[in-house]
Every structure is written in C-alpha cells, then in structure tokens.
Amino acid sequence: MSGKGMNLTLKIWRQKDAKSKGKMETYKVNDISEHMSFLEMMDVLNEQLIAEGQEPVAFDHDCREGICGMCSMYINGEAHGPDRGVTTCQLHMRMFKDGDTITIEPFRAAAFPVIKDLVVDRTSFERIQQAGGYISVNTSGNTQDANAIPISKHAADEAMDAATCIGCGACVATCKNSSAMLFVGAKVSQYALLPQGQVEAADRVKNMVAQMDLEGFGNCTNTGACEVECPKGISLDNIARMNRELIKASI
Amino acid sequence: MSGFLKSSIGRKVAMALSAFFLMFFLLQHFAINMLSVFSPETFNEVSYFMGNNPLVQYGLQPVLLFGVVFHFVMGFILELKNKKAQGVAYAKNNGAANSSWVSRNMIYTGVAILLFMIFHFNDFWVPEIVEKYVEGKSQVGKDFHAHVVHMFENPIRVGVYVLAFVFLALHLMHGFTSAFQSVGGTAGRKKTLQNIGKAYSIIIPLGFVIIAIYHHFNH
Amino acid sequence: MSVLDSKVPEGPLKDKWTSYKDKINLVNPANKRLIDVIVVGTGLAGGSAAATLAELGYNVKAFAYQDSPRRAHSIAAQGGINAAKNYQGDGDSTYRLFYDTVKGGDYRSREANVYRLAEVSANIIDQCVAQGVPFARDYGGLLDNRSFGGVLVSRTFYAKGQTGQQLLLGAYSAMNRQIARGKIQMYNRHEMLDVVIVDGKARGIIARNLITGEIERHSAHAVVVASGGYGNVFFLSTNAMGSNVSAGWKIHKKGAFFANPCYTQIHPTCIPRSGDYQSKLTLMSESLRNDGRIWVPKNMEDVIAIREGRKKPTDLSEEERDYYLERRYPAFGNLVPRDVASRAAKERCDAGYGVNATGEAVYLDFASAIQRYGKEQAKIHGIANPSEAKIYELGQKIVEAKYGNLFQMYEKIVDENPYETPMMIYPAVHYTMGGVWVDYNLMTTVPGLYCIGEANFSDHGANRLGASALMQGLADGYFVLPYTIGDYLSDDIRTGKIPTDTPEFDAAEKEVKDRIDFFINNKGTKSVDYFHKKLGKVMWDKCGMSRNEQGLKEAMVEIKAIREEFWKEVSVPGGANEMNPELEKAGRVADFLELGELFAKDALTREESCGGHFREESAEESGPQKGEAKRNDKDFAFVSAWEYKGEPADAVLHKEELEFKDIELKQRSYK
C-alpha cells in the first residue's frame with residue numbers, strides 16, 4: 001500500500017483547556033489511504049504525535065457510524081466537512097486529494113465553549129431538552145395500550161423524520177448566527193406532530209425556546225445552511241413549525 | 001405576550017410582520033409610481049390624496065414610519081445579538097457551500113437600503129413636509145409629476161436609484177420567503193412561495209428602475 | 001450446594017414474577033427521599049433505570065462517559081425491538097417469545113428470567129409510545145411489525161432503521177424530566193473507576209471527571225452498573241470506540257462474579273476491514289439476508305483474478321460461484337442464524353476464498369433479487385416481453401425501497417455501487433452475551449451492587465436473537481430493577497447518608513490515583529492502541545468464531561505476555577489533571593487485558609459448542625449434521641461464574657446449574 005497514499009498538510013486548532021488561548025498548528029501526515037475515514041486519519045496523526053512525544057489532538061468521537069452525534073469538527077469551513085448527509089466519522093479521505101491542506105477547527109459558538117483542542121461543551125443542548133423535551137408520563141408501564149390511539153402514518157413518519165436528529169450541533173456550528181433553532185425545532189416538532197405531545201405542547205415550546213435564548217444561541221435568519229449541513233437532513237420546516245407553535249402558545 | 005416579544009422567535013416574527021407591512025407598502029408605492037408613466041393627471045390626483053388626506057397623513061404615515069424604523073432597529077438589534085452568539089470566528093469558513101450570498105448578507109443590503117432611504121427622503125419626503133407643515137403652502141393643483149420628472153434629470157441621481165434598487169432586489173430575494181418562514185407559513189408550500197418571492201423581488205425593483213430611467217429620458 | 005443463589009421464586013413459571021412482586025418489600029415514598037442510588041451508564045438499561053428510580057422518589061446520581069446520555073451505544077441498534085403483543089394475530093404469545101429466546105440462546109439461559117423478560121415486553125411498547133417514540137405505523141394508524149431472524153411470527157417493532165436511537169431518546173427524555181425536577185443528578189463526561197464496598201455492601205464509587213481529571217467520591221445506598229458489553233476486547237467490533245468493560249471488571253475485582261465471558265456474538269453482515277488503520281467495523285442490518293445471496297468463487301484462479309483486479313465478480317457465471325450457505329444448509333439457506341452464517345463465512349475465507357485484498361470478505365449479491373422483483377413487477381404492470389434493462393430497472397426500484405438507506409451507507413463507506421456489483425461482507429464482533437453474574441433480582445454477588453442490560457450475563461444464553469437486546473435493556477431498567485431494588489433498600493431506610501470520608505473511600509481512591517499516576521509517569525515506548533490492537537489480534541485469531549484447546553491455551557499465555565509488556569512499555573502523554581483521552585484508553589485497555597485472559601480460560605473450560613461459542617473438538621462427527629456445533633447438555637448445562645482471585649488465570653469457577661422445567665432441550669438444526 002505504501003507510496004500510494006496521500007500526503008496532507010493539516011492545520012488544526014490546538015487549545016490546552018477552556019481557559020487557555022488557542023491557536024492553529026500545522027502538521028503533516030503521509031501515506032493516507034483514500035479508504036480511511038476522516039477520524040482514522042486523525043488516529044494516524046495522533047499515533048504519530050505520541051511517537052514523537054507530543055500530545056495527541058483531543059477530539060470527540062464514539063460510535064463511528066454516524067448515529068451517536070459525538071463527533072464534530074469544522075473541516076475546510078464546513079461542519080462535518082465537504083460531504084453531504086454524513087458525520088465526520090463517515091467522511092472518507094477520498095473526498096480529498098494528495099497535497100491538500102485541510103483546516104480543522106472545533107464547532108464554534110458562544111454556547112459551545114471549547115473544552116480542549118477540537119472538543120466543545122454542548123451541554124447547552126442538554127439544558128434545552130431538560131426544559132421541556134419530554135412527555136410527562138411516568139415510567140411505570142401502566143399506560144394505555146400502545147394501539148389505543150391510532151396515529152396517521154403521515155404524522156408518524158414526519159415525527160420520525162424530526163426525531164432522527166442526533167444532537168451533534170452541526171446546525172449551530174454552521175449557522176452564521178449560531179442559532180440552535182433546527183435542533184430545538186426538530187424536538188418541538190416531533191412532539192407537536194404526535195397526539196401524546198399535545199397536552200403539554202404550549203408549555204414545552206415556550207420553555208424550550210426560553211432556555212435556548214438563555215443559553216446564548218443566536219436568532220434564525222433563515223439562511224438554510226443548517227439544513228444543508230445537517231448529517232440527518234432535518235428539514236427547515238421544523239423551524240417553521242416551531243415558530244407556529246410558539247405563536248399559537250403565546251396568543 | 002410581552003414574553004413572546006422578548007423571545008428570539010417573537011422578535012423574528014415581529015421582524016417578519018414589519019417586513020410584510022413594508023412589502024405591501026412597496027407594492028402600493030410601485031403602483032402609484034407606475035401611474036406617473038401612464039397618466040400624469042391621475043398620478044397628480046393620487047399624489048395629492050396621499051399627501052393631504054388626514055387619514056393617510058395622520059393615520060397611515062406614522063404607522064409606516066414606525067414600521068420602517070422598527071424593521072431597521074430590530075434588524076440591528078438582532079444582528080448585534082447574533083454576532084455575540086458567535087464566539088470565536090472560524091479561520092476558514094465556506095458559507096457559499098450551504099447558503100446563498102443574499103441570505104448571509106441581509107444586514108449589508110439592509111444598510112445600503114437605509115442609506116438610500118435617507119437620500120430618498122431628502123429628495124421627496126422632507127421637501128413635502130417642509131412645504132406643507134413648515135411653510136404652510138397649499139398643494140392644491142400642484143404638479144407632482146413635473147417634480148418627479150425634474151428630479152430624474154440628474155443622471156447621478158438615476159444611478160443612485162438604480163443601484164439602490166439592486167440592493168432592494170437582493171434584500172427581497174431572501175427577505176420575501178424568509179418572512180413567511182419566520183411566521184411558520186412555509187410548510188408544504190415552500191416551492192410556490194420561493195417562486196412568488198423570486199418574481200416579487202425582481203419585478204418590483206426592476207419596475208422602479210424602469211420608471212426612473214423612463215423619466216430620465218422623457219423629460 | 002453452590003455459593004450461587006439465583007433466588008428464583010418458587011411456583012409455576014407463569015406466576016413467578018407476579019406473585020414475587022406481590023410479596024416483595026417496598027420502601028414508602030417518604031423514605032425513598034432518604035435513599036441515594038448510583039447508576040453507572042445511561043444507555044437503554046441505565047437510562048431507563050435512572051429515570052424510573054427517580055420517578056419512584058429515590059435520589060439518583062447517573063454517570064456517563066459521553067457528553068450526554070443520548071450518545072450511549074444503544075443508539076446504534078438498527079433493526080427493532082421484540083414484544084409479545086400479538087398485534088398481527090399470528091399466534092404470538094408470552095410463552096412463544098420466551099421459548100424462542102431460550103432456544104435461540106441454545107439453552108444456556110435461566111428460564112425464569114427469560115419468561116419475565118417476555119412477560120414485560122408488551123409493557124415496553126406501551127411505555128415507549130406514551131413517551132412519544134415514533135414507531136413505524138401502517139396506513140390505518142396502528143403499529144407496524146416486521147419479522148426477524150429465526151422466529152415464525154412478526155413481533156418486531158421498529159422506527160425506520162434507527163430503533164435503538166428512538167428508544168434511547170425516549171429513555172433520555174424520561175431522564176431529562178427527572179433531571180429538571182432535581183431527582184437525577186447527571187454526571188456527564190465522568191467515568192467510574194472503582195466501586196467502594198463498606199461492610200460487604202456496595203456503598204459508592206470513585207469517578208474521574210474527564211474534563212478536569214479530578215477524582216471524585218460518590219456515595220449511595222446501592223450501585224447499579226449498566227455499562228454495556230465488552231466486544232471491544234477484540235479491538236475491532238461494531239461497538240463504539242469508548243465502549244469498555246472497566247465498570248464491570250472493577251466490580252468483578254471487588255467480588256462480583258463474571259459469568260460466561262466467552263459467549264460473544266459475531267454478526268455475519270458487517271463491512272469488511274479495508275486496512276490496518278481500521279478503527280471500527282460497521283454493521284449492515286441482518287434484514288439484508290432476506291434478499292441477498294452469499295457466495296465466493298468456486299475456483300481459486302477466479303479468487304486470485306478478482307483480488308488482482310483482472311476479473312470482476314459480475315464476470316463469473318453461476319457455475320463458477322459457490323453459494324455455500326445454500327449448499328450447506330438447503331433448508332434455511334442464506335437465513336441461517338447469525339452464529340452459523342458467520343462460521344460458514346470464516347470457513348470459506350480460511351480455505352483461501354476471501355474476495356478482497358485482506359482475504360476476509362465474501363459477496364452478498366442482490367442480482368437475483370433484482371431479477372426476481374423485476375420480473376414480478378413486469379407482470380404486475382402488464383409488460384409483455386420486457387427487456388433485460390427494463391427488468392433491471394423495475395427490480396432495482398424494489399430493492400431500493402427495501403434497503404435504500406443501507407445501500408447508501410455501504411456506498412459512502414466502500415465507494416462501490418452495491419446495485420451494480422455485489423456487496424462485500426465479513427463477520428464482526430457485535431454483542432457479548434456474557435457479563436457480570438446476577439440473580440433473579442439483578443443483584444450481583446455483592447450485596448447492593450446491581451448489574452443490568454448487556455453488562456450482565458443476562459437472558460440471552462449463548463446466542464442472542466435479533467431485536468432482543470433492546471427489549472432486555474429496557475425491561476431491566478423500566479420494569480424489573482425498580483421493583484427488586486426496593487426489596488434490598490427497604491433495609492436501608494434508617495441508614496442515613498453514606499459518608500465519603502471513610503477508610504474504604506480513602507483506600508479505593510488511593511488505588512485509582514496510584515494507577516493514574518503510574519500511567520502518567522511510565523515512560524514507555526508504545527501507545528495504548530499498539531497493545532489494544534495486539535490483544536485484539538490474539539482474541540480474533542484464537543478466541544473468535546471457532547476455538548480449540550491449543551489455541552485457547554496459547555491465547556492465555558500470549559495475552560498474559562501482552563499484559564506484562566503493557567505495564568512496562570505503555571506510553572501515556574499528557575497529564576492527570578486535564579482532559580486526557582489517552583489516559584482514559586490506557587485504563588480501559590488495562591482491564592481488557594485481564595478480561596481477555598479470563599475469556600480464553602472460560603472458553604477453554606467449556607468443552608462443548610453452544611451458540612456463539614464453537615469448539616472445534618465438539619462438532620458432529622458423522623451423519624447429516626457433520627461439522628456442525630455439538631452441545632453437551634449432560635456436562636455443560638450450567639452458567640460459568642468466575643470469582644476473582646488475583647491473576648485471571650487463577651479465577652475460580654462456580655457453576656449455576658440450569659434447570660429446564662418448561663422446555664425440552666433439543667438440537668438446533670438448519671440443514
């Protein structure tokens with residue numbers, strides 16, 4: 001295999017911890033196979049750094065199959081890099097070519113402070129969910145039979161489409177306003193589309209939006225960048241639905 | 001309700017509502033201006049009505065002024081808040097990969113329109129107000145049409161107007177559908193709205209441009 | 001009498017759980033407020049347990065190594081969740097689900113536990129729908145079902161190909177509600193590094209804050225470990241990169257017995273390795289085998305030509321292909337259970353017929369399905385004498401509708417169009433049936449220490465059926481543990497807060513800190529991954545899909561040697577008091593290096609083939625079943641529960657004899 005791989009220059013954001021100032025550093029990796037995933041390329045870099053006695057680059061990752069939402073990275077100016085419908089772990093090196101320089105930065109937003117290198121703190125998402133991203137039903141199992149309320153296939157499918165959000169934060173990272181509305185809109189929509197979610201719908205949307213504002217996310221100006229960069233293709237319609245839900249809840 | 005207006009979405013809805021109002025006003029302004037091309041007499045009549053009817057003057061005019069100021073002020077407030085939400089800037093950001101230039105630069109097209117409006121108010125609205133309320137002159141029988149034609153003799157002014165309408169077109173190109181999206185009205189009809197928006201944002205500014213050029217060459 | 005007491009209640013199988021619940025001790029609501037429970041891991045089992053315990057009124061502290069409970073690896077489950085709802089009216093029942101699960105597990109699970117699992121399965125679906133989980137529905141608005149490997153009914157509920165994700169988000173939302181109420185204190189980015197035992201009872205844990213590196217003491221009246229499976233002992237698996245055995249292994253070292261470590265499920269349809277850099281294997285849903293035909297070339301010249309790129313698989317005629325599953329198992333063909341399909345692929349590749357550069361891949365071919373569907377569609381649409389192209393076009397549409405998202409995923413990873421050229425697949429480590437031994441109450445051999453979900457040795461015996469892992473995780477967390485833990489905690493209402501400034505906490509913390517200091521200060525020459533990969537290779541080669549006495553003995557020696565080298569040569573850059581992913585990995589791999597040896601020892605001891613555990617010495621020698629797995633119920637119908645005694649090789653075996661009162665033991669045949 002040797003000799004056939006790509007040689008790449010990487011410009012990576014390095015930052016020791018939340019308090020330190022970070023800066024871009026340049027590294028070189030050689031003989032990268034086009035079949036590698038982007039994170040496997042990062043593994044190669046880290047093994048190289050460890051061998052040289054340097055600290056490896058910290059980055060979030062876990063399932064490496066595009067579903068856990070842990071991996072992030074802003075690659076060459078785009079959340080999860082240049083491919084569409086993928087997370088960074090599913091991005092493959094065949095999207096790049098020999099001699100390329102790749103810029104790798106953490107997801108940026110005031111509400112996503114950097115913890116270390118490419119790792120950011122996304123617990124603001126957690127607090128938004130805690131503000132109302134649930135249906136208040138106890139977990140005893142003594143609920144009514146699952147088929148007691150029929151739900152139209154259309155509504156169920158639409159709710160499912162909204163529910164596929166993996167909470168990675170690419171929408172915030174890519175938004176020029178660092179707005180979290182695609183994320184919040186998806187959750188609000190999932191419940192708004194289902195009869196089970198109706199009872200608390202008004203309080204839910206008000207509380208979740210209030211928490212979103214409190215966390216310091218920006219406002220949506222409908223550029224649509226989030227929808228394009230979302231690895232799960234969550235539709236902008238979910239933001240429209242959230243807007244409607246909030247108007248409905250407020251008047 | 002007051003909580004609603006403090007929320008991000010509330011502000012965005014307010015922004016959209018003022019935009020709807022301004023877009024409607026633009027349509028009406030456009031219709032009246034068109035009269036100046038086809039029928040100077042009717043144009044004069046309507047202009048007199050708009051300038052002297054108490055309902056328009058004391059009712060609609062303040063609302064319009066408020067709408068304009070609100071849209072601009074809210075636009076700036078949101079822009080500042082959004083800037084604050086951004087944190088550290090990216091070393092490399094490829095915005096063109098996922099969104100249109102017009103959608104990302106509403107603030108700049110907006111500022112250009114604001115500057116133009118100062119110029120435009122200075123051209124027409126301020127002299128009008130001075131004439132009516134400071135000097136106390138009657139506008140009965142005034143030839144508004146001649147004034148318009150006179151104003152567009154100057155090629156530099158025509159150039160400024162044309163440029164301003166290009167900015168207006170760019171602003172509307174995103175603003176039209178964006179306003180519908182903000183009030184949650186796009187579900188299921190996004191394509192239709194986009195098409196109407198495209199038509200509106202091209203036809204209206206282009207119409208204004210044609211009127212300005214027409215008067216320039218037909219004085 | 002064995003030291004193991006399974007505490008299975010008396011009475012007929014069908015009434016055990018109900019009558020047991022009726023008589024169990026309860027804690028009154030006012031007293032629950034005085035009791036703390038620690039839950040380690042927040043996947044389906046841990047998340048649902050934390051939410052329910054908090055709902056009941058206990059003070060819960062939940063720990064996850066990710067930045068959110070929603071990221072636990074339960075999220076990656078694709079296919080679905082089984083439940084005996086019998087919505088399809090196809091003859092399903094609690095008993096049938098119970099029977100299928102015990103049989104599928106090759107008769108190596110505890111009857112009473114499995115029956116209880118089947119019994120509460122229907123509640124899970126009710127619960128999840130009430131929580132807003134968007135299960136697939138039919139046009140009448142009712143829940144849809146699909147059928148899964150090895151059973152005769154349709155009882156699998158699903159949410160597209162993301163069932164695990166949706167169920168986890170349901171449990172996560174229930175947790176969020178309790179976090180907002182202050183009943184759950186959530187510790188994200190925290191890793192449990194030891195359990196603290198006071199007077200023989202589990203009373204707390206030592207955890208590391210993964211952001212600051214701070215070592216924290218947390219006390220509670222009971223500790224629940226729900227940390228998932230240990231498939232990553234093989235380095236390459238379908239597990240998440242962070243999935244680890246550490247929580248389970250730490251409690252094992254503190255007295256909890258570890259059961260059946262050698263029971264591992266190797267899933268047959270995964271995307272093959274493409275090179276040495278590979279960090280992880282991706283699963284392709286089992287459902288693909290409904291329409292895909294598995295083959296390798298018949299002739300070695302073709303294998304070589306394909307590997308060298310001189311021939312394409314589509315160049316080979318039907319006569320030149322070996323559809324080995326159809327050849328060996330005419331009755332079940334490509335739909336044999338996971339363990340059988342995996343072993344058959346390995347057999348062909350070991351014989352040299354693997355079709356990719358690494359020699360470890362077989363074809364999964366949809367060309368016949370496309371033809372079949374195409375012709376069918378042509379008839380339906382009344383097209384007389386359709387052209388080949390038309391048939392292909394119509395057939396491809398059907399295949400796309402059924403498996404489109406999987407085909408797309410394959411194309412993203414492999415960069416080949418699976419409609420045009422057959423997919424390449426190879427088996428990969430997927431799920432571990434073994435785990436910490438628990439009794440009927442889900443309590444380990446340490447009082448007050450519970451283990452639930454994939455982390456325990458569980459209800460799946462020696463092989464797990466598809467769509468059963470989600471069922472077990474949620475059953476344990478929502479409906480079993482919350483009852484049984486009350487029985488234990490009812491004795492603790494007067495205990496009061498457990499102090500953390502005691503010698504027991506001091507000792508546990510010191511042990512944890514010493515180990516971290518060792519890693520940071522050890523100036524070794526090799527990275528953690530170097531050792532993990534080395535361990536993985538031994539595990540795969542000698543403790544993988546088929547095992548023999550000699551290999552297992554070698555594995556024990558080799559793993560021990562790797563472990564010794566690890567403790568001399570491991571290099572961990574960075575410091576202790578900061579975010580340090582290499583340090584986290586070092587701790588986890590150190591535990592894998594011990595587990596791996598026990599794994600081999602367990603496999604060596606079990607001189608029979610059952611489920612995922614195939615011993616070459618225990619195969620049918622003659623007759624129609626020649627070469628197939630041979631179970632030995634006379635000598636091995638027991639659970640192997642290992643007691644820690646220092647070195648893994650010195651672990652002591654305790655046997656829990658398995659009694660089957662309601663089921664007759666039979667051989668599984670798929671010929």
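I began with chain A and found eight helices and seven strands in chain A, where helices (H or I, at least four residues) and strands (E, at least two) are DSSP runs numbered from the N terminus. Before going on, I noted that this is a predicted model, where local features need pLDDT of at least 70, side-chain atom pairs count only at pLDDT 80 or more, and totals for chains, interfaces and linings use all residues. Residues are numbered from 1 along each chain as its sequence is written, while chains are lettered from A and ligands numbered from 1 in the order in which they are written.

Next I looked up the dimensions: the C-alpha trace of chain A spans about 65 × 40 × 35 Å along its principal axes. I also saw that 62% of the 251 residues of chain A count as buried (20 or more other C-beta atoms within 10 Å of a residue's own, with C-beta atoms placed from the backbone).

Then I turned to where chain A touches chain B. The contact takes 40 residues from chain A and 35 residues from chain B (two residues are in contact if their C-beta atoms, placed from the backbone, lie within 7 Å).

Last, I checked the largest nonpolar core, which has 325 residues (a set of buried Ala, Val, Leu, Ile, Met, Phe, Trp, Tyr and Cys residues joined through C-beta atoms within 7 Å). Val225(C) is among those with the most contacts inside that core. Leaving aside neighbours within four places in sequence, I found Val225(C) in contact with residues including Val40(C), Ile251(C) and Tyr450(C).

Terms used
A residue is buried if 20 or more other C-beta atoms lie within 10 Å of its own, exposed if 12 or fewer, and partly exposed in between; C-beta atoms are placed from the backbone.
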